[in-house]
Amino acid sequence: MEKLVEYMIKKGVKKLAIVYSNNAWSLSNVNTLKEEISKTGQITIVSESLTNPDVLDYRTEILKIKQSKPDAVFSAIATDEGQGRLGK
């Protein structure tokens with residue numbers, strides 16, 4: 001995650017939205033990302049959405065992300081099906 005945060009800073013990301021599943025893999029990734037972000041003090045998390053792994057409709061999360069006007073979105077959705085639905 002350190003390299004990812006360095007890349008985001010290099011690309012000018014100041015505001016980040018995070019969406020992730022409520023499972024161990026996703027939580028671990030998001031916690032690691034937050035730790036790396038906190039070390040820099042250069043990125044603000046403007047939106048954070050925790051979803052259940054069986055969610056099929058991400059409209060609420062997408063609206064929340066859009067309203068926060070992030071420079072980038074980090075997604076840790078642990079299922080291929082869920083990831084595809086979020087991307088639509």
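**Sheet, cores and salt bridges of a predicted model**

E36 counts as buried, at 14% relative accessibility (buried means under 20% relative accessible area, exposed over 50%, and partly exposed in between, with a 1.4 Å probe and protein chains only). The structure is a predicted model, in which local features need pLDDT of at least 70 and side-chain atom pairs count only at pLDDT 80 or more, while totals for chains, interfaces and linings use all residues. Residues are numbered from 1 along each chain as its sequence is written, and side-chain values use heavy atoms, with hydrogens and water left out.

Helices (H or I, at least four residues) and strands (E, at least two) are DSSP runs numbered from the N terminus. Three strands make up an open sheet with parallel pairing, in the order 2-1-3. Its edges are strand 2 (44-51) and strand 3 (72-76), each of which pairs on one side only. From one strand to the next the twist averages 15° (axes are lines fitted to C-alpha atoms, for helices over the stretch in contact, and angles run from 0 to 180 degrees between N-to-C directions). Two strands are said to pair if DSSP finds at least two bridges between them. In general, strands of a sheet pair through backbone hydrogen bonds, either parallel or antiparallel.

Strand 1 (residues 15-21) pairs with strand 3 in the parallel sense over five bridges, and V19 has S75 as its bridge partner in strand 3. Helix 2 (residues 24-40) packs on the sheet and touches strand 1, strand 2 and strand 3, where contact means heavy atoms within 4.5 Å. The direction of helix 2 makes about 160° with that of strand 1.

Strand 1 and strand 2 are joined in the parallel sense over seven bridges; the bridge partner of K15 in strand 2 is T44. The chain passes from strand 1 through helix 2 to strand 2 in a right-handed β-α-β crossover (with the strands pointing away from the viewer, the path from the first strand over the helix to the second runs clockwise). Six of the seven residues of strand 1 are buried, so this strand is largely enclosed by the rest of the structure.

A nonpolar core is a set of buried Ala, Val, Leu, Ile, Met, Phe, Trp, Tyr and Cys residues joined through side-chain atoms within 4.5 Å. The largest such core has 13 residues, of which M8, L16, I18, L33 and F74 touch the most other members. At least two residues of this core come from each of helix 1 (2-10), strand 1, helix 2 and strand 3. Neighbours within four places in sequence aside, L33 is in contact with M1, L4, V5, M8, L16, I18 and F74. Another core, of five residues, lies apart from the largest one and includes A17, V19, Y58 and I77.

Four salt bridges are found in the whole structure (a side-chain nitrogen of Lys or Arg within 4 Å of a carboxyl oxygen of Asp or Glu). One of them joins E48 and K34 at 2.7 Å, N to O. E48 lies in strand 2 and K34 in helix 2, so the pair ties together parts that are 14 residues apart in sequence. E48 is partly exposed at 28%, and K34 is partly exposed at 27%.

E36 also takes part in a salt bridge, with K39 (3.2 Å, N to O). Both residues lie in helix 2, three residues apart, about one turn of the helix. K39 is exposed, with a relative accessible area of 63%, whereas E36 is buried. A further salt bridge links R59 to D57, with the closest N and O atoms 2.6 Å apart; R59 is exposed at 63% and D57 partly exposed at 40%.
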